[in-house]
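Here is a short briefing to read alongside your model. Please keep the sequence and the 3D view open as you go.

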Amino acid sequence: MANLKEIRNRITSVSSTMQITSAMKMVSAAKLKKAQDAITAMRPYAEKLTELLQNLSATLEGDAGGEFTTQREVKKVLLVAITSNRGLCGAFNTNVIKGAKTRAAHYQGKQVDIFAIGKKGNDVLAKTNSVIANQSAVYDNLTFDAVAAIAETLTQKFVSGEYDRIELIYNQFKNAATQIVQTEQFLPLAPIQSDVVASTGDYIFEPSKEEIVLTLIPKSLKMQLYKGIRDSFASEHGARMTAMHKATDNATELRNQLKLTYNKARQAAITNEILEIVGGAEALKG
């Protein structure tokens, strides 16, 4: 059994760890509220934009998406892996990294590159895959304009023919305890299918419907990427809050066990001292 000093040192160490994890949990909880409000507020807009695009496209004949819907033979693929810049958030980053490696294996025999958004994904994937860029600085000032610049870069890579397919891999925020890894096709745009009957009313479009669709598509792509990063940002804080909550509970349990062990060891030491005193007294009497 460890001596009393070693047990006291472990109790002090575990208590310090517990204070740190508890503080991190509260910080993540505060950030989660803001991030959750942001993604919840923008989802209706993103969904309505997609619905509008679908409704307009359904009334057009032929290829209304222009260069954004060009279907080419898939030879070069770009996977956009959205992770975080910091750890201590459970399996949050690991799940996206595994998802990226799984998709890369799916395109075996083709050129597959990684476009990393987040330091953690970049550090791990760069060891086994071809990472062409890392945009971890976007989290320093997470705004639509900052993400729109990244979306334009990705769009240009597809339009120029540098890549034949671009996919997003990220954690979708469901609640503080649940994040779902999503793989979405970014480009080319999938054929627009809608169960809603397109409106055929007597509307006047200015400019033409074709021009409106071609204007909405880049905006929709930027919104899709922004929503993905916002989802991932909220998921990160939810995952970290959950991980730190579990870490705090585990540290509390370990501290209680150490205190029990310490009390038992201390009681045993006192008992031995009493026995030695009694034994010495008996020896003197004899």
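Helices (H or I, at least four residues) and strands (E, at least two) are DSSP runs, numbered from the N terminus. By that naming, lysine 157 is found in helix H4. This is a predicted model, in which local features need pLDDT of at least 70 and side-chain atom pairs count only at pLDDT 80 or more, while totals for chains, interfaces and linings use all residues. Residues are numbered from 1 along each chain as its sequence is written, and side-chain values use heavy atoms, with hydrogens and water left out.

**Overall layout**

- The chain is divided into domain 1 (1-24 + 243-279) and domain 2 (30-240); these bounds come from an automatic or database domain assignment.
- Between the C-alpha centres of domain 1 and domain 2 the distance is 49 Å.

**Lysine 157**

- Is lysine 157 buried or exposed? Its relative accessible area is 16%, so lysine 157 is buried; buried means under 20% relative accessible area, exposed over 50%, and partly exposed in between (1.4 Å probe, protein chains only).
- Leaving aside neighbours within four places in sequence, lysine 157 is in contact with Leu78, Ile132, Glu162 and Tyr163, where contact means heavy atoms within 4.5 Å.

**Strand S4 and its partners**

- Strand S4 spans residues 165-175 and is mostly covered, with eight of its 11 residues buried.
- S4 pairs with strand S1 (residues 76-82) in the parallel sense over five bridges; two strands pair if DSSP finds at least two bridges between them.
- Within this pairing, leucine 168 in S4 has valine 80 opposite it.
- With strand S5 (residues 178-187), S4 pairs in the antiparallel sense over nine bridges.
- Asparagine 171 has valine 181 in S5 as its bridge partner.
- The link from S4 to S5 is a hairpin of two residues.

**Nonpolar cores**

- In soluble globular proteins, nonpolar side chains tend to be buried together.
- A nonpolar core here is a set of buried Ala, Val, Leu, Ile, Met, Phe, Trp, Tyr and Cys residues joined through side-chain atoms within 4.5 Å.
- The largest nonpolar core has 41 residues, and those with the most contacts inside it are Ile117, Leu154, Ile166, Phe186 and Leu225.
- At least two residues of this core come from each of helix H1 (4-58), S1, strand S2 (111-117), H4, S4, S5 and H5.
- H5 supplies the largest share of this core, 11 residues.
- Apart from it lies another core of 13 residues, including Val77, Leu79, Val112 and Ile169.
- Not counting residues up to four places away in sequence, isoleucine 117 touches several residues, among them Val80, Tyr139, Ile150, Leu225 and Ile229.

**Aromatic rings**

- How many aromatic pairs are there? Rings of Phe, Tyr and Trp (its six-membered ring) pair if their centres lie within 6.5 Å; planes under 30 degrees apart count as stacked, over 60 as edge-to-face and the rest as tilted. By this rule the count is two.
- Tyrosine 139 and phenylalanine 233 form a stacked pair, 6.0 Å centre to centre with 20° between the planes.
- That pair links distant parts of the chain, 94 residues apart: tyrosine 139 sits in the loop between strand S3 (130-134) and helix H4 (144-159), and phenylalanine 233 in helix H5 (residues 209-285).
- Both tyrosine 139 and phenylalanine 233 are buried.
- Phenylalanine 144 and tyrosine 226 form an edge-to-face pair, 5.5 Å centre to centre with 90° between the planes.
- Phenylalanine 144 lies in helix H4 and tyrosine 226 in helix H5, so this pair ties together parts that are 82 residues apart in sequence.
- Phenylalanine 144 is partly exposed, at a relative accessible area of 27%, whereas tyrosine 226 is buried, at 12%.
- Arginine 72 lies over the face of phenylalanine 158, 4.5 Å from the ring centre; a charge sits over a ring if NZ of Lys or CZ of Arg is within 6 Å of the ring centre and within 35 degrees of the ring normal.

**Backbone details**

- Leucine 187 and proline 188 are joined by a cis peptide bond, with omega about -5°.
- Proline 188 is placed in the loop between S5 and H5.
- Leucine 88 has a positive phi of about 55° although it is not a glycine.
- Leucine 88 belongs to the loop between S1 and helix H2 (92-106), and is exposed, with a relative accessible area of 56%.
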